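Take a look at the fold below. Trace the chain from its start before reading on.

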Amino acid sequence: MTYVHAAQLADVPSGGVLAVEIDGQEVALVRDGDDVYALRDECSHASIPLSEGDVEGCEIECWLHGSRFDVRTGKPVNLPATEAVPTYPTQIEGDAVLVDLSGTNTAQELNAHGNA
Ligand code: FES
């Protein structure tokens, strides 16, 4: 596990999202209260940046067709998206948000369960 600095905690709006790039990977950081979640910044339906959508609690909505994703699991909660978006473990260290890109739960693994 390799946690790398992703952002300053203060830069992730409470109840909102911040788009960052970590090692060439677009990542959306979503803050819900004291918790920050990281997921690939790309809708699984048509490659739209999820960070351009609205956050409501633990869900982020893709603005194009309205699929919402649970930021804790990456799973879509409504159509048209059916595939999960990879999520990454996060840590808060002082004022910094750290993300471990190698610790992703793969979309395949999630979908194997979700679409069974
Ligand atoms: S592109 Fe995101 S729901 Fe269609």
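This is a predicted model: local features need pLDDT of at least 70, side-chain atom pairs count only at pLDDT 80 or more; totals for chains, interfaces and linings use all residues.

The protein has 10 strands and one helix. Follow the sequence and the order reads β-β-β-β-β-β-β-β-β-β-α.

Next, the overall dimensions. A compact globule of 116 residues would have a radius of gyration near 13 Å; the protein has 13 Å, so the two agree. Along the principal axes, the C-alpha atoms fill a box of roughly 40 × 30 × 25 Å. Among contacts with a separation of 6 or more, 40% join residues 24 or more positions apart.

Now the surface. The accessible area is about 6,100 Å², and carbon and sulfur atoms account for 44% of that.

Then the interior. Of the 116 residues, 42% count as buried. Which residues have the most contacts inside the largest nonpolar core? They are V30, L39, L50, I60, F69 and V71, in a core of 16 residues. Strands β3 (25-32) and β4 (35-40) each supply at least two residues of this core. A second core is separate; its 14 residues include A6, L9, V20 and V97.

Leaving aside residues up to four places away in sequence, I60 touches V17, V30, L39, L50, S51, D54, V55, S67, R68, F69 and V71.

Technical notes
Residues are numbered from 1 along each chain as its sequence is written. Side-chain values use heavy atoms; hydrogens and water are left out. Helices (H or I, at least four residues) and strands (E, at least two) are DSSP runs, numbered from the N terminus. The radius of gyration is taken over C-alpha atoms; the globule rule is 2.2 Å times the number of residues to the power 0.38. Buried means under 20% relative accessible area, exposed over 50%, partly exposed in between (1.4 Å probe, protein chains only). Contact means heavy atoms within 4.5 Å. Accessible areas come from the Shrake-Rupley method with a 1.4 Å probe; for residues, only the protein chains shown count as cover. A nonpolar core is a set of buried Ala, Val, Leu, Ile, Met, Phe, Trp, Tyr and Cys residues joined through side-chain atoms within 4.5 Å.
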